[in-house]
Amino acid sequence: MYDWTKLGVLILSSEVQDVQATLVGVHKTAQDRSRKSRDEFIESGFILLKDMRFSDLTVSGLAKHCGRSVGAFYKRFEDKEGFFRALQFAAVERDQKIIRARLADAPLANLSAAEVLNALVDTLSDIFSSEVRGVLRESLLRVREPEDGWAPMRDSGRVIQQTVVDRLKSEYSHLSEADAERKLRFCYQIVVGVLQNDLVNDFHTFSTRDKSIRAALKATVTDHMMSSSRY
């Protein structure tokens, strides 16, 4: 089993210059051009996985897409699983940049409670419909496997959830802080649950494709927080 528990620390660490090379199955790259080649494979992986399953992705097809050789792939990655870890890491790294820009303490400080909830929905909807959507889908489908493919995304989500709870739990005068916290955590679960379902079931009325899903989620979480229910 791969240990993802230090992922967030590695992403934010200024002491590790080439974090991708710390992952199991990703070879160290000594030169800038080697890192550039590795990153080109990752970009192609993002693009191809938007329309295909990882099991159908071939090393030869990946190499052709990014204009590199199969040999170049194996110089950067031990195998497809090492490549998938690199994809996951790159996806979470990108998502963290979005999260820090929108959902950290500073950007949320001057927003109303309703605006914070809207920012939460918009940020998560943007992430789930971004260029890393295919990696998120494949990671979610591996949640029951020994390595738990969703672990790095789950850890990132816990940080988002706690930030929103800390910012909003005292903002609702009709609720105790304990009740507000419980309801906020449920709101987060609603948003993520709906977006996860959209990842793997592409036939619902509400979708990330036309942004209808985010409008419905905003209305749902706002109404829930304004209700008098404790849950």
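Let me begin with a term: a residue is buried when its relative accessible area is under 20%, exposed when over 50%, and partly exposed in between, using a 1.4 Å probe and protein chains only. What you see is a predicted model, where local features need pLDDT of at least 70, side-chain atom pairs count only at pLDDT 80 or more, and totals for chains, interfaces and linings use all residues. Residues are numbered from 1 along each chain as its sequence is written, and side-chain values use heavy atoms, with hydrogens and water left out.

Now, the overall picture. The chain has 11 helices and zero strands; helices are DSSP runs of H or I with at least four residues, strands are E runs of at least two, and both are numbered from the N terminus. Of its 231 residues, 47% are buried.

Phe41 leads us to the largest nonpolar core, which has 61 residues; Phe41, Phe83 and Leu87 have the most contacts inside it. Such a core is a set of buried Ala, Val, Leu, Ile, Met, Phe, Trp, Tyr and Cys residues joined through side-chain atoms within 4.5 Å. Helix α5, residues 80-103, gives this core its largest share, 10 residues.

Finally, Phe83: leaving aside neighbours within four places in sequence, its contacts (heavy atoms within 4.5 Å) include Phe41, Ile42 and Gly45.
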